[in-house]
Amino acid sequence: MHVVVDISGDASFHLCTDTPEDLVHIPPSDDDHQRISNIFNNAWKHPKPFPKIHNIFYVAHHSADALAHISRFSNYSFLWLNSNKVGNTQLLFHGTPRTCLIGTTASPAHTRLCERLDCSLCLILRESYDIEKAKSARMFGTGIYSTNVSSKADLYASPRRLMGRATLKSVILNHVVLGRTQLMLSADQSLQHAPDIYNSVTGATSSEGGALAYHEAVVYREDAMCASAVIFYE
Ligand SMILES: [Zn+2]
Ligand SMILES: [Zn+2]
């Protein structure tokens, strides 16, 4: 069995007859393909060449760990903390490099996660987001970063040359439970969790009086984020 969480946040279950694929191709004729393309294209804000989308897939969650993660994500998004439902779930992009050819085409050869330890896309899709692996000196400390600006996520989806040729880049579109988010006017690299009474932080952009050129949000628990779709583009 696998579960897909579509961009509306609805989970659908699928009984697999043969070896399950890790990515479920969304054909261009599908409404969701158009919706996801529009979200991605409208969120491209940087003055750099406009991307061309090649393939879009839903993430098929089917390992025991992945299914348990969906259940924790669902519980968390409906949890009540400080007399507030955490909620405030948003569709945000996360860019990460990959070192395999997954997503290159819709054929079964390109819809299975690789086993490489340096392929962070496949690691995230297999094991979900990992706070431990996110440990690096970023602006708002030890958390999982995402953005509503696709061209910003693109900065982290660094193009890799595989076997001598440039490959498509990829970003993940996620449901991110921001809950009550604290607007941060400046960096705080020491953050290990959201400030008291908050569930996440959002970096203020310069027009909001902050330090960022483009939106960035950070959650500090892995059950606050669930990968929905992956967009492959050049
Ligand atoms: Zn299936
Ligand atoms: Zn991979």
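**Rings, a zinc site and sheets in a predicted model**

The charged end of Arg-138 sits over the ring of Tyr-145, with 3.8 Å to the ring centre; for a charge to sit over a ring, NZ of Lys or CZ of Arg has to be within 6 Å of the ring centre and within 35 degrees of the ring normal. A word on the ground rules: this is a predicted model, in which local features need pLDDT of at least 70 and side-chain atom pairs count only at pLDDT 80 or more, while totals for chains, interfaces and linings use all residues. Residues are numbered from 1 along each chain as its sequence is written, chains are lettered from A and ligands numbered from 1 in the order in which they are written, and side-chain values use heavy atoms, leaving out hydrogens and water.

Next come the aromatic rings. Searching the whole structure turns up six aromatic pairs; rings of Phe, Tyr and Trp (its six-membered ring) pair if their centres lie within 6.5 Å, and planes under 30 degrees apart count as stacked, over 60 as edge-to-face and the rest as tilted. Phe-40 and Phe-93 make an edge-to-face pair, because their ring centres are 5.9 Å apart and their planes stand at 75 degrees. This pair links distant parts of the chain, with Phe-40 in helix 1 (residues 31-42) and Phe-93 in strand 7 (residues 89-95), 53 residues apart. Helices (H or I, at least four residues) and strands (E, at least two) are DSSP runs, numbered from the N terminus. Both phenylalanines, Phe-40 and Phe-93, are buried; buried means under 20% relative accessible area, exposed over 50% and partly exposed in between (1.4 Å probe, protein chains only). Trp-44 and Phe-50 also pair edge-to-face, at 6.4 Å centre to centre and 70 degrees between the planes. Here Trp-44 counts as buried at 10% relative accessibility, whereas Phe-50 is exposed at 51%. Ring pairs join Phe-40, Trp-44, Phe-50, Phe-93 and Tyr-233 into a cluster.

Then there is the metal. The zinc ion (ligand 2) has Cys-100, Cys-114, Cys-119 and Cys-122 as its protein donors, each through SG, lying 2.2 to 2.3 Å from the ion. Donors are N, O and S atoms within 2.8 Å of the metal (3.2 Å for Na, K and Ca), and water is not among the atoms, so sites may look incomplete. The angles subtended by the four donor atoms run from 105 to 115 degrees, so the arrangement is tetrahedral (all angles between 85 and 135 degrees for four donors). Along the sequence, the donor residues follow the spacing C-x13-C-x4-C-x2-C.

Strand 7 pairs with strand 11 (residues 169-177) in the antiparallel sense over seven bridges, and His-94 has Ile-172 in strand 11 as its bridge partner.

A four-strand open sheet runs in the order 8-14-13-12 with mixed pairing, and its edge strands are strand 8 (144-146) and strand 12 (181-184). Strand 8 and strand 14 (residues 216-219) pair in the antiparallel sense over three bridges, with Ala-217 in strand 14 as the bridge partner of Ser-146.

Methods:
Tetrahedral: all angles 85-135°; square planar, octahedral: opposite > 155°, others 65-115°. Pairing = 2+ DSSP bridges.
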